[in-house]
Amino acid sequence: AMQAGGEYTGFVPDMQRRTLMNLVVVAATAVPTLVLLGAFIYYFVPNVGGGGGGATTCGDKQGNPVSLEGWKKTHRANDRELVQGLKGDPTWIITTEEGIKDFGVGAVCTHLGCTVPWNIAANRF
């Protein structure tokens, strides 16, 4: 070690101590490096597991589930009706010749948050 004057005293750590310190340094830097590397690699692994990827049931005005067969019996092509969509939000379902469209149109106005009505005479919302 060095003394107050800064002159060299001749102390040299033995190889066992140097090896131990090298292992401590490598272990202390390897743990956070491996954690960051693992998170980086995990980011690129696609999600192939299960989940709620199926269809979501919508409800009528009273909250009862709406079936496609029942819908086709009571609606003509190009009809629109307000139903309860995701989280109970008002959603327009549009009827086609084959059934219904693959999507619902959100009926909540982004300006004031009111429910947007369908104007039959103008054929628009």
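**Group meeting: a walk through one chain**

Let's start with the order of elements. Read along the sequence, this chain runs α-α-β-β-β. The radius of gyration is 34 Å, well over the 14 Å that the globule rule gives for 125 residues, so the chain is more spread out than a compact globule. Keep in mind that this is a predicted model.

Now the dimensions. The C-alpha trace spans about 100 × 35 × 25 Å along its principal axes. How much of the chain is buried? Buried residues are 12% of the 125. What about contacts? Take those with a separation of 6 or more: 23% of them join residues 24 or more positions apart.

Next, the surface. The accessible surface of the chain is about 10,400 Å². Carbon and sulfur atoms hold 61% of that. Look for a nonpolar patch there. Its members are L34, L37, F40, I41, Y42, Y43, F44 and V45. Together they have about 990 Å² of accessible area. One of them, I41, sits in helix α1, which covers residues 15-43.

Now go to T95. Where is it? T95 is in the loop between β2 (90-94) and β3 (105-106). Is T95 buried or exposed? Its relative accessibility is 4%, and the cut-off for buried is under 20%, so T95 counts as buried. Which residues does T95 touch, leaving out those up to four places away in sequence? The list is W71, H75, R76, A77, N78, D79 and I100.

To recap: a nonpolar patch on the surface that includes I41, and a buried loop residue, T95.

Note on methods: Residues numbered from 1 in each chain as written. Predicted model: local features only at pLDDT ≥ 70, side-chain atom pairs only at ≥ 80, totals over all residues. Heavy atoms only, no water. Helix = DSSP H or I, 4+ residues; strand = E, 2+ residues; numbered from the N terminus. Buried < 20%, exposed > 50% of the residue type's maximum accessible area, 1.4 Å probe, protein only. Contact = heavy atoms within 4.5 Å. Patch = residues over 30% accessible without salt bridge, like charges linked within 9 Å, V, L, I, M, F, W, Y side chains within 5 Å. Areas by Shrake-Rupley, 256 points an atom, 1.4 Å probe, with all protein chains shown as cover. Salt bridge = Lys/Arg side-chain N within 4 Å of Asp/Glu carboxyl O. Rg over C-alpha atoms; globule rule 2.2 N^0.38 Å.
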